[in-house]
Amino acid sequence: MSAYRDKDPRIHGIQSKIRVVPNFPKPGIMFQDITTLLLDPKAFKDTVDLFVERYKGKNISVVAGIEARGFIFGTPIALEIGAKFVPLRKPNKLPGKVISEEYELEYGRDCLEMHLGAVEPGERALVVDDLIATGGTLCAAMKLLERVGAEVVECACVIELPDLKGRERLNGKPLYVLLESY
């Protein structure tokens, strides 16, 4: 599912504000830079609004944002739909007791952590990030939430890199993206 395929007229403005940086953070990676999108208030608002329109009234109580760019989009979405925001962070960034999940990236390995007690069993969660590539980060986020008994309703990303087949790793969990980049 995607706003791109639904031909929402705001998508072109959003897509035109994303800069592609070749060979970053390492050779062969075409980095999708959303910082240029954030410099345009209309495009940034349109991005958030498209997600809010999709999730308002869906009884989502948790928006889990993946460090760090998932925080940028997840926080305003959570506020607008009346949900709490739960940051999923890199190791050793959260004080107190955490649970962890290791995963593979398209260019290495990493780990996500979440505070114990931040999410209660039975809560309905939305996972937000800026981009899905191989799907490893989203899978780790879903595992963290499901380990504490949350129901992951959907994953939401601004950008999908379909050639990397990350969607296929989500085990049938719905993924909503605003645009695709090849």
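The buried residues of helix α5 (residues 136-147) are Gly136, Thr137, Leu138, Cys139, Ala140, Ala141, Met142, Leu144 and Leu145, where buried means under 20% relative accessible area, exposed means over 50%, and partly exposed lies in between (1.4 Å probe, protein chains only). Because nine of the 12 residues of α5 are buried, the helix is largely enclosed by the rest of the structure. The structure is a predicted model, in which local features need pLDDT of at least 70 and side-chain atom pairs count only at pLDDT 80 or more, while totals for chains, interfaces and linings use all residues. Residues are numbered from 1 along each chain as its sequence is written, and side-chain values use heavy atoms, with hydrogens and water left out. Helices (H or I, at least four residues) and strands (E, at least two) are DSSP runs, numbered from the N terminus.

The expected span of a helix is taken as 1.5 Å times one less than its number of residues. For the 12 residues of α5 this gives 16 Å, and the end C-alpha atoms of α5 are 16 Å apart, which agrees. Just after α5, Gly149 takes a positive phi of about 90°. Helix α5 lies across β3 (62-66), β4, β7, β8 and β9, and runs at about 165° to β7; here axes are lines fitted to C-alpha atoms, for helices over the stretch in contact, and angles run from 0 to 180 degrees between N-to-C directions.

The strands that α5 lies across belong to an open sheet of five strands in the order β4-β3-β7-β8-β9, with parallel pairing, two strands being paired if DSSP finds at least two bridges between them. Strands β4 (84-88) and β9 (175-180) stand at the edges with a single partner strand each, so one side of each is left without a neighbour in the sheet. On average, and with direction ignored, neighbouring strands of this sheet are turned by 20° against each other.

Within the sheet, strand β7 (residues 124-132) is joined by eight bridges to strand β8 (residues 151-160), and the two run parallel.

The 15 residues of α3 should span 21 Å, and its end C-alpha atoms are 21 Å apart, which agrees. In α3, the residues Ala43, Asp46, Thr47, Val48, Leu50, Phe51, Val52 and Tyr55 are buried. The buried residues of α3 pack against α1 (10-15), α2 (35-38) and α4 (69-81), as well as against β7, β8 and β9. At the start of α3, a side-chain oxygen of Asp40 reaches to within 3.0 Å of the backbone nitrogen of Lys42, whereas α3 is followed by Gly57, whose phi is positive, near 80°.

Salt bridges were also examined, each being a side-chain nitrogen of Lys or Arg within 4 Å of a carboxyl oxygen of Asp or Glu, and by this rule the count comes to 15. Arg54 forms a salt bridge with Glu154, the closest N and O atoms being 2.8 Å apart. This pair links distant parts of the chain, with Arg54 in helix α3 and Glu154 in strand β8, 100 residues apart. Arg54 counts as partly exposed at 23% relative accessibility, whereas Glu154 is buried, with a relative accessible area of 6%.

The side chains of Arg124 and Glu151 likewise meet in a salt bridge (3.3 Å, N to O). Arg124 lies in strand β7 and Glu151 in strand β8, so the pair ties together parts that are 27 residues apart in sequence. Arg124 is partly exposed at 23% relative accessibility, and Glu151 is partly exposed with a relative accessible area of 39%. A further salt bridge is formed by the side chains of Glu102 and Arg109 (3.0 Å, N to O), in which Glu102 is exposed, with a relative accessible area of 54%. Asp8, Arg10 and Glu53 are linked in a network of salt bridges.

Key
Contact means heavy atoms within 4.5 Å. A polar contact is a pair of N or O atoms within 3.5 Å; within protein, one must be able to donate a hydrogen and the other to accept it, and residues adjacent in sequence count only if both atoms are side-chain atoms.
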